[in-house]
Amino acid sequence: MVDPDAAKTARESLDLAFHMSNIMDTGLDRHLLSVLIALCDLGLNPEALAAVVKELSRECSSSSSPTPSAPSPIP
């Protein structure tokens, strides 16, 4: 059985972390952020996780960029 106070504290902590994540424009959704926090709680290195997230984000953005034959938007 989950302690209601502990669940409330965890939810509030996640809400705060998600709010900070949005302010910093990380692009992380609430679920991914909760997974990353859980991985840190299990002892994974937060800096290593951040590096992995940055690299995956970079790869996703480069694969979704327009192809060279597509007209680029005018700035």
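This is a predicted model: local features need pLDDT of at least 70, side-chain atom pairs count only at pLDDT 80 or more; totals for chains, interfaces and linings use all residues.
Biologist: Is Ser-21 buried or exposed, then?

Modeller: Ser-21 has a relative accessible area of 3%, and buried means under 20%, so Ser-21 is buried.

Biologist: Where is Ser-21 found?

Modeller: Ser-21 is in helix α1.

Biologist: And which residues is Ser-21 in contact with, leaving aside neighbours within four places in sequence?

Modeller: With those neighbours set aside, Ser-21 contacts Thr-26, Leu-28 and Leu-33.

Biologist: Which residues of α1 are buried?

Modeller: The buried residues in α1 are Leu-14, Ala-17, Phe-18 and Ser-21. Viewed down the axis of α1, they fall within an arc of 100°, so they line one face of the helix. In general, an α-helix has 3.6 residues a turn, so residues three or four places apart point the same way.

Biologist: What covers the buried residues of α1?

Modeller: The cover includes α2.

Biologist: What does the face turned away from the buried side of α1 carry?

Modeller: That face carries the exposed residues Pro-4, Asp-5, Leu-16 and Ile-23.

Biologist: Which residues make up the largest nonpolar core?

Modeller: This core has seven residues, namely Leu-14, Ala-17, Phe-18, Leu-28, Leu-33, Leu-36 and Leu-49. Both α1 and α2 supply at least two of its residues, and α1 gives the most, with three.

Biologist: Taking Leu-36, what does it touch, not counting residues up to four places away in sequence?

Modeller: On that count, Leu-36 touches Leu-28, Leu-49 and Val-53.

Biologist: A change of topic: where is Asp-25, and is it exposed or buried?

Modeller: Asp-25 sits in the loop between α1 and α2. Its relative accessibility is 66%, and exposed means over 50%, so Asp-25 counts as exposed.

Biologist: What is the phi of Asp-25?

Modeller: Phi of Asp-25 is near 55°, which is a positive value in a residue other than glycine.

Biologist: Which residue caps the N-terminal end of α2?

Modeller: Asp-29 caps that end, with a side-chain oxygen 3.2 Å from the backbone nitrogen of His-31.

Biologist: Finally, what span should α2 have at 1.5 Å a residue?

Modeller: The twelve residues of α2, residues 30–41, should span 16 Å, and the end C-alpha atoms are 16 Å apart, which agrees.

Notes: Residues are numbered from 1 along each chain as its sequence is written. Side-chain values use heavy atoms; hydrogens and water are left out. Helices (H or I, at least four residues) and strands (E, at least two) are DSSP runs, numbered from the N terminus. The expected span of a helix is 1.5 Å times one less than its number of residues. A polar contact is a pair of N or O atoms within 3.5 Å; within protein, one must be able to donate a hydrogen and the other to accept it, and residues adjacent in sequence count only if both atoms are side-chain atoms. A nonpolar core is a set of buried Ala, Val, Leu, Ile, Met, Phe, Trp, Tyr and Cys residues joined through side-chain atoms within 4.5 Å. Buried means under 20% relative accessible area, exposed over 50%, partly exposed in between (1.4 Å probe, protein chains only). Contact means heavy atoms within 4.5 Å. The arc is that of the directions from the helix axis to the C-beta atoms.
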